[in-house]
Amino acid sequence: MFPGYGWKVDGQTAMTNRTYHRASSQASVWLPMPTGDINEDWGFLLGFLKSAFQKVFVTRYDRYSDTLSPPDFEFDLLVQLLAVRNLDLFTFMDRIAAERGVPMTNPAQASRICVDKRNLPVLFPEFVPETRVVRDISDVEICFHDWDGDIIVKPPFYGMGESIIRINSPDALGEAAEVLEISPSRDIVVQPFCEGFSQGDQRVLLTRSTSGEPMILGNFGRIPKPGGWMTNITQGASFFFRPLESDERALALEVFHRTGLDYAGLDIGRHDGRAFLIEVNPTGGGLIDCDVKYQTNTQTVLFDLLQSRLDGAL
């Protein structure tokens, strides 16, 4: 479909060229949306839902809150498309969906597990760099010395590169205490700095077919800003496009298969000639980048998946 780009999965085209306005539903959906400016990506997803479903009820909430206010109106599907920063909020949304007797996508429990970086080494040990979860600055110092004086420190379940730091000097070890302080779980994830990741990574967008099989929608690469090492677009990184390597494709399909998610964006980097999983993002973010670049309609596939949830097929 697009030569040199990873749009075909096992010889099958993951996309169709019908537009989503030809596939519409009489259902009503509830979309919890974090407060703040509605960026281009959020606007894209909101516009898609409003075009595809009869009613879309939007609730704005503090992204760090553990509760939100459900709509007074009846709805048929709870759609969690945007990043959540508080693990308890997944549980709260799941309870609301159960009380209303409606399905939720992504499934709350799968999202809660996968968004927590502490779980990735347990779930996907063969794909994740060496990782330690620590609660004390002294343990950070041990990691620093064990990993040649160059480490990455992350809060367990923040996103967009928020509060992720690199420590490559003994004088900077105190900065880890600040990350520990803001971490709601009072622990942090520590990994050795992987030079290969800072050369650029891949965001791989996946969903499930109506039969439940993992399917790659597309991918795009991210390169840190000059002199930087973080590949988050919100941290100044830029896009590039290249086909997935065979081991990146295999990693993406296997990891997504294990997650239990309906859709996700996986961050995959290369280091020492190997593909590694960096993060699992249980959201619909990133679709606009593929659609704008290649003039495609990934939302068509997403609509089919949401309809499958409504129909109880997934």
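Pro-156 is in contact with Val-115, Asp-116, Lys-117, Arg-118, Ser-183, Ser-185, Asp-187, Ile-188 and Val-189, leaving aside residues up to four places away in sequence. The model described here is predicted.

**Pro-156**

- Pro-156 belongs to the loop that runs between strand 8 (151-154) and strand 9 (165-167).
- The relative accessible area of Pro-156 is 0%, so this residue is buried.
- Ser-185, one of the residues that Pro-156 touches, is 29 residues away from Pro-156 in sequence, yet their C-alpha atoms are 7.8 Å apart in space.

**Phe-193 and Trp-229**

- Phe-193 is in the loop between strand 10 (188-192) and strand 11 (201-208), and Trp-229 is in the loop between strand 12 (214-223) and strand 13 (238-240), so the pair ties together parts 36 residues apart in sequence.
- Phe-193 counts as buried at 12% relative accessibility, whereas Trp-229 counts as partly exposed at 22%.
- Arg-166 lies over the face of Phe-193, at 3.6 Å from the ring centre.

**Phe-220 and Phe-239**

- The ring centres of Phe-220 and Phe-239 are 5.2 Å apart, and their planes stand at 70 degrees, so this pair is edge-to-face.
- Because Phe-220 lies in strand 12 and Phe-239 in strand 13, the pair ties together parts that are 19 residues apart in sequence.
- Phe-220 is buried, at 2% relative accessibility, while Phe-239 is partly exposed, at 36%.

Methods. Residues numbered from 1 in each chain as written. Predicted model: local features only at pLDDT ≥ 70, side-chain atom pairs only at ≥ 80, totals over all residues. Heavy atoms only, no water. Helix = DSSP H or I, 4+ residues; strand = E, 2+ residues; numbered from the N terminus. Buried < 20%, exposed > 50% of the residue type's maximum accessible area, 1.4 Å probe, protein only. Contact = heavy atoms within 4.5 Å. Phe/Tyr/Trp six-rings, centres within 6.5 Å; stacked < 30°, edge-to-face > 60°. Lys NZ or Arg CZ within 6 Å of the ring centre and 35° of its normal.
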